[in-house]
Amino acid sequence: MSDVNVLEAAVRTEFGKGAARRTRRAGNVPAVLYGHQSDPQHLSLNAQAFAAILREHGTNAVLNLVIDGQKQLALTKSVVVHPIRRYIEHADLLIVKRGEKVTADIPVTVTGEAAAGTLVTQEATTISVEAEALKLPEAIEISIEGVEAGTQITAGEVTLPAGVTLAVDAETLIVNVIPAPAAEPEADEAEAEAGSEAAEDAE
């Protein structure tokens with residue numbers, strides 16, 4: 001892991017919205033590194049390199065930062081993306097130590113097809129888990145292949161990788177499978193009436 005996700009980080013000495021805009025115009029992302037009772041560090045990360053790491057490893061990516069020549073392991077805690085232009089506006093990074101456990105929200109991916117005549121609703125898009133920083137899963141898959149209406153999958157029923165534990169109420173509903181709503185009878189009757197009127201007109 002020592003040579004993975006290496007990212008040069010420059011220390012920012014200017015703060016505020018104007019300084020953040022200048023940082024982004026220069027092709028960088030303003031970020032704040034905090035944790036372990038240390039003072040927050042205001043950093044500047046290369047936007048392209050940072051975005052590439054997030055695309056490959058997800059929003060909980062562990063970074064090997066190089067700050068003024070010093071290496072620092074950090075977890076991507078939150079990323080703010082511009083709602084329209086989709087560039088990264090800001091990032092919060094958390095200092096982590098090897099072997100240290102952290103809590104993170106992991107994206108949930110639903111796979112497979114439920115039984116015919118069902119409607120699947122995903123009630124939660126992430127699950128909060130605890131694991132070593134270097135062993136956080138990038139995503140958690142839940143298979144609904146062939147499940148019948150009335151099936152509810154809670155956080156406690158999700159299979160987690162080894163070394164990963166649940167950090168949310170086990171009863172939290174993740175996926176709900178219900179009977180698919182039937183066509184409205186009024187619509188069917190209206191169509192039938194329209195069909196008979198068309199037939200009468202043709203006669």
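I began with the contacts of Asn176: leaving aside residues up to four places away in sequence, Asn176 touches Leu119, Val120, Thr121, Glu123, Thr151 and Gln152. The model I am reading is predicted. I placed Asn176 in strand S13, which spans residues 173-179. Is Asn176 buried or exposed? I noted 14% relative accessibility for Asn176; buried means under 20%, so Asn176 counts as buried. I also found a polar contact at 3.3 Å between the side chains of Asn176 and Gln152.

Next I looked at helix H2, residues 47-57. Its buried residues are Phe50, Ile53 and Leu54. They lie on the same side of H2, because they cover an arc of only 100° around the axis. I listed what this buried set packs against: strands S1, S2, S3, S4, S5 and S6. On the face turned away from the buried side I found the exposed residues Gln48, Arg55 and Glu56.

I then checked both ends of H2. At the start, a side-chain oxygen of Asn46 comes to within 3.1 Å of the backbone nitrogen of Gln48. After H2 comes Gly58, with a positive phi near 85°.

Last, I traced an open sheet of four strands, with the order S10-S7-S9-S12 and mixed pairing. Which strands are at its edges? I identified S10 (140-143) and S12 (165-166), each of which pairs on one side only. Strands S7 (residues 101-111) and S9 (residues 126-132) are antiparallel partners, joined over seven bridges.

Notes:
Residues numbered from 1 in each chain as written. Predicted model: local features only at pLDDT ≥ 70, side-chain atom pairs only at ≥ 80, totals over all residues. Heavy atoms only, no water. Helix = DSSP H or I, 4+ residues; strand = E, 2+ residues; numbered from the N terminus. Buried < 20%, exposed > 50% of the residue type's maximum accessible area, 1.4 Å probe, protein only. Polar contact = N/O pair within 3.5 Å; in protein donor to acceptor, adjacent residues only side chain to side chain. Contact = heavy atoms within 4.5 Å. Pairing = 2+ DSSP bridges. Arc of directions from axis to C-beta.
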